[in-house]
Amino acid sequence: MTRSAVVVAHPDDEALWLSSVLGSAAQVVFCFGDLFERPKMSAARRRAVAALPLPGLIDLKLPESGGGLSVDWPHPRLTEAGIAIADDAAGERYAANFSALTGALRAALAGCTSVYTHNPWGEYGHAEHIQVHRAVAALQAELGYTIWFSNYVGKESWRLAQDFARRPCWTDRRAAVPDAALARRLRDVYRRSGAWTWTRWHRWPGEEILYAMPPAEPRNTLAGEWLLDVAGLRWWPPPWGRARRVLRP
């Protein structure tokens, strides 16, 4: 029997990056809960999660490390836990979270055949998005599911995405239409609770691409594929914003 899960780092990531599969997923897993040293925002996030119209919601409630954006992006270095964190104390919390995360996901994802999660470069470059991808990947051989990720990228993470483009990392792909109506309903819950963390000017694209990483060795690289640049997905994009970037060989 086919059973799919959506696994994201933070509440609101599901609406931004994987809305196209939310309606068909048996469960949605939030990995991180309270923000580091931000009690007011943490309380707002808890209120929002309690009000979300998402059946099968699993909230792991791991504390954020505080190092999500503390990455040396001109020289990114992947680690077992995700990516190197520039702040030492945040890096220690980040590494500890990886062990806790894999343990919690092992139970949450047992019996799943497909897991939709963050892409390897963390969309716009959030270290905890990268960590969630690597945790899901670390459990793949044991649990036997296929990993799916989408094609969003940001200015900071573009170099890392280009590095991944040279490696075999997918076998199948399909075009998907984001469920913008559902995504906006979820966004409104977050905004009413004061927990929306993304720009208010975000617009969902007409199409995104989902890539499958099977338990067997992947065959294809991303060279020649196009990614959706998050800076271009705004009602008023900045001068450098463009909706698509092509990964060169």
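Reply: Start with the axes: they are lines fitted to C-alpha atoms, and their angles run from 0 to 180 degrees between N-to-C directions. The model is predicted. In it, the axes of helix 3 (residues 39-51) and helix 8 (residues 180-193) come within 8 Å. They cross at roughly 145 degrees.

Me: Which hand does the crossing of helix 3 and helix 8 have?

Reply: Helix 3 passes helix 8 in a right-handed crossing.

Me: Which residues make the contact?

Reply: Helix 3 supplies Ala44, Arg47, Ala48 and Ala51. Helix 8 supplies Val189, Tyr190 and Ser193. Contact here means heavy atoms within 4.5 Å. By class, there are 5 nonpolar, 1 polar and 1 charged residues. Ala, Val and Tyr count as nonpolar, and Arg counts as charged.

Me: Why is Lys61 called exposed?

Reply: Exposed means over 50% relative accessible area. Lys61 has 60%, so the word applies. Lys61 lies in strand 3 (residues 57-62).

Me: What is the phi of Lys61?

Reply: Phi is about 60 degrees, a positive value, although Lys61 is not a glycine. Most residues other than glycine have a negative phi.

Me: Why is Glu123 called buried?

Reply: Buried means under 20% relative accessible area. Glu123 has 1%, so Glu123 counts as buried.

Me: Where is Glu123, then?

Reply: Glu123 is in the loop between strand 6 (114-117) and helix 5 (127-138). Its phi is near 55 degrees, a positive value in a residue other than glycine.

How values were computed: Residues are numbered from 1 along each chain as its sequence is written. This is a predicted model: local features need pLDDT of at least 70, side-chain atom pairs count only at pLDDT 80 or more; totals for chains, interfaces and linings use all residues. Side-chain values use heavy atoms; hydrogens and water are left out. Helices (H or I, at least four residues) and strands (E, at least two) are DSSP runs, numbered from the N terminus. A crossing is left-handed if the near helix is turned anticlockwise from the far one by less than a right angle, and right-handed if clockwise. Buried means under 20% relative accessible area, exposed over 50%, partly exposed in between (1.4 Å probe, protein chains only).
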